[in-house]
Amino acid sequence: KPAATILWCTEVDSVSHLHGLQSTQLREIMRACDDVIGELRAWRDAQPERDSITLFIVSDHGHVTIGGTVNVADALCQAGFKAAASFNDHATQVLVRPGRAVGLWLKHDDPALLRDIRDFMMEQVWFGGAFSPASEPGSTSGTVDGSLALELLGAGGERAPGLFVHLGKTPADNQTDQAGHVDSVFYDPGDNDLRIGGGTHGGLHRGEFTAVLAGYGAGLAQID
């Protein structure tokens, strides 16, 4: 028998992305996952060696609601920067990787260009914070003024972007009292078919950091 077995229920994540956090589809999938956990508990309790079996239920992240989308590469181009999702065009100066946090790589080292991009980003309604490689080992400040060190996120290294921009919350609007719209965030979908109202993760919102850890079985205290 294996020392450990992993069962990964991916449907909760997929449905959250596609249908949103308040959707009936998500509630149905969550109930299905609850049923799976119940079956695992029943299986564990039926085993002769049950007193040596422990179940852990974990999640790797939470979700927040997409309240607005932005194409950062297009926004940079409209501001006069030569940005794209690849360097296939020789004229491209800035490679943009979309997502909840957008990575920017320069074709050539150009601190002045990076500062200009930072200045543009900080004026945008969707800007939520910036990170860049540490100004020196152990520093919490990035090489780009006004940014924090990527190393704080565990994202430093030779392949790290020159600038990493976290997309912020959407401004308050007349939907803030509706379920799923409080603290909604901006997202750059790139080529992904993720839309307003759907779920997302990968940023620094507290909802994205919300995770589950529960245990049952050997070596754990029982809570009634």
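Ile-117 touches Leu-76, Phe-81, Val-94, Leu-104, Leu-106 and Leu-163, not counting residues up to four places away in sequence; contact means heavy atoms within 4.5 Å. The model is predicted: local features need pLDDT of at least 70, side-chain atom pairs count only at pLDDT 80 or more, and totals for chains, interfaces and linings use all residues. Residues are numbered from 1 along each chain as its sequence is written, and side-chain values use heavy atoms, with hydrogens and water left out.

Ile-117 is among the residues with the most contacts inside the largest nonpolar core. A nonpolar core is a set of buried Ala, Val, Leu, Ile, Met, Phe, Trp, Tyr and Cys residues joined through side-chain atoms within 4.5 Å. Buried means under 20% relative accessible area, exposed over 50%, and partly exposed in between, with a 1.4 Å probe and protein chains only. At least two core residues come from each of α3 (72-78), β4, β5, α4 and β8. Helix α4 gives the most, with 5 residues. Helices (H or I, at least four residues) and strands (E, at least two) are DSSP runs, numbered from the N terminus. Another core, of 5 residues, lies apart from the largest one. Among its members are Ala-101, Phe-131, Leu-150 and Phe-164. In soluble globular proteins, nonpolar side chains tend to be buried together.

The sheet comes next. Two strands pair if DSSP finds at least two bridges between them. Strands β3 and β4 run parallel and are joined by 2 bridges. Here Ala-84 has Leu-95 of β4 as its bridge partner. Strands β4 and β5 are antiparallel, with 4 bridges. Val-94 stands opposite Leu-106 in β5. The two strands form a hairpin with 3 residues between them. In its turn, Gly-99 has a positive phi of about 140°. Strands β6 (residues 127-132) and β8 (residues 163-167) run antiparallel, joined by 3 bridges. Phe-131 stands opposite Phe-164 in β8.

Val-94 lies in strand β4. Val-94 counts as buried because its relative accessibility is 0%. Leaving aside neighbours within four places in sequence, its contacts include Ala-84, Phe-87, Trp-105, Leu-113 and Ile-117. Val-94 and Phe-131 are 37 residues apart in sequence and 16 Å apart in space, C-alpha to C-alpha.

His-17 is in helix α1 (residues 11-19). His-17 is buried, with a relative accessible area of 15%. Its side chain makes a polar contact of 3.2 Å with that of His-201. A polar contact is a pair of N or O atoms within 3.5 Å; within protein, one must be able to donate a hydrogen and the other to accept it, and residues adjacent in sequence count only if both atoms are side-chain atoms. Helix α2 (residues 24-46) has buried residues Leu-26, Cys-33 and Arg-44. What covers them includes α1, β1 (54-58) and β11 (213-217).

Note on methods
Expected span 1.5 Å × (residues − 1).
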